[in-house]
Amino acid sequence: MRRTKYIISGGLAFSEDKDMEKLRRFSLKGWHVSDFKFMGYSLEKGESLDYIYSVDYRLVQEDEEDEYFDFFLSSGWSHIASNGDIHLFRARSGTKPIYSDRDTLVEKYKNLNSSMNYAAVPLVLLTVLTWGGTILSSGLLQSILQVIAVILSVVALPAAWTVIATYANKWKVEGKKGLVNVLKTIPFLVLLLAIVILLVFDGVDSAVLILVYMVFGAVALPTIIWIVMSLYQKTGRNSVRK
């Protein structure tokens, strides 16, 4: 009988609550998370227990770790694993939540915003500049910049998508529904712009065409992943309940 298993994550920026709920359901069946894995979690088989889970986003220096984890432990939350600035905790059902009010929740998502901005904003700006250079150049330089731009875009587009999701989470907690709705329309507006470029403008630069197709992929791929994840989580929920 297997003693470990891997389950996929929906992406903490996009479905943190669903991930924590899923981990709890697995714990009820004796499968307890032991570590982060690429795009998911590693689980170990054990006794069936009603654990609840929570994540914290915070840059913790090495000399601050003991004090940081002891603080949560004193509140009933045991540290399970960390991945960079992301820290996963577990507690028995009924333990007071780590974030029990709006102010602490806002602080939590501000920490996540800071981490994502630090990594994503320079990458996105560099990608935009590279695409600009590709469109304005020609010959060998254009070919080189185009390859670099495509490679950067593969990372920058999901990063930008994630940053948008983290701002939506923070503003949702702050009650800024208007801003949240504006953020939700951005991907569709970008997709609409790409469609207009394809249908209205003839003879557009090949670099622009590649960028347009990558935008299609950036919108279509997360949509496909969301559909697959929804089906997977639904199937997993039914499986755990059996």
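In which sense, left-handed or right-handed, does helix 4 pass helix 5? The crossing is left-handed. Please keep in mind that this is a predicted model. The points below start with this helix pair, then turn to the sheet and finally to the salt bridges.

**The pair of helix 4 and helix 5**

- Helix 4 covers residues 139-173 and helix 5 covers residues 177-200; their axes come within 9 Å and cross at roughly 160 degrees.
- Because of that angle, helix 4 is roughly antiparallel to helix 5.
- On the side of helix 4, the contact is made by Trp-161, Ile-164, Tyr-167, Ala-168, Trp-171 and Lys-172.
- Helix 5 contributes Leu-179, Val-180, Leu-183, Ile-186 and Pro-187 to this contact.

- Three strands form an open sheet in the order 1-3-2, and their pairing is antiparallel.
- The edges are taken by strand 1 (4-8) and strand 2 (31-37); each has a single partner strand, so one side of each has no neighbour in the sheet.
- On average, neighbouring strands of this sheet are turned by 30 degrees against each other, with direction ignored.

**How the strands pair**

- Strand 1 and strand 3 run antiparallel and are joined by five bridges.
- Across this pairing, Ile-7 stands opposite Tyr-41 in strand 3.
- Strand 2 also pairs with strand 3 (residues 40-45) in the antiparallel sense, over six bridges.
- Trp-31 has Lys-45 in strand 3 as its bridge partner, while Lys-37 stands opposite Gly-40 in strand 3.
- The hairpin of strand 2 and strand 3 has two residues between the strands, and Met-39 in this hairpin takes a positive phi near 60 degrees.

**Salt bridges**

- The model has seven salt bridges, counting a side-chain nitrogen of Lys or Arg within 4 Å of a carboxyl oxygen of Asp or Glu.

Terms used:
Residues numbered from 1 in each chain as written. Predicted model: local features only at pLDDT ≥ 70, side-chain atom pairs only at ≥ 80, totals over all residues. Heavy atoms only, no water. Axes fitted to C-alpha atoms, helices over the stretch in contact; angles between N-to-C directions. Helix = DSSP H or I, 4+ residues; strand = E, 2+ residues; numbered from the N terminus. Parallel < 35°, antiparallel > 145°, perpendicular 65-115°, else oblique. Left-handed = near helix turned anticlockwise from the far one by under 90°. Contact = heavy atoms within 4.5 Å. Pairing = 2+ DSSP bridges.
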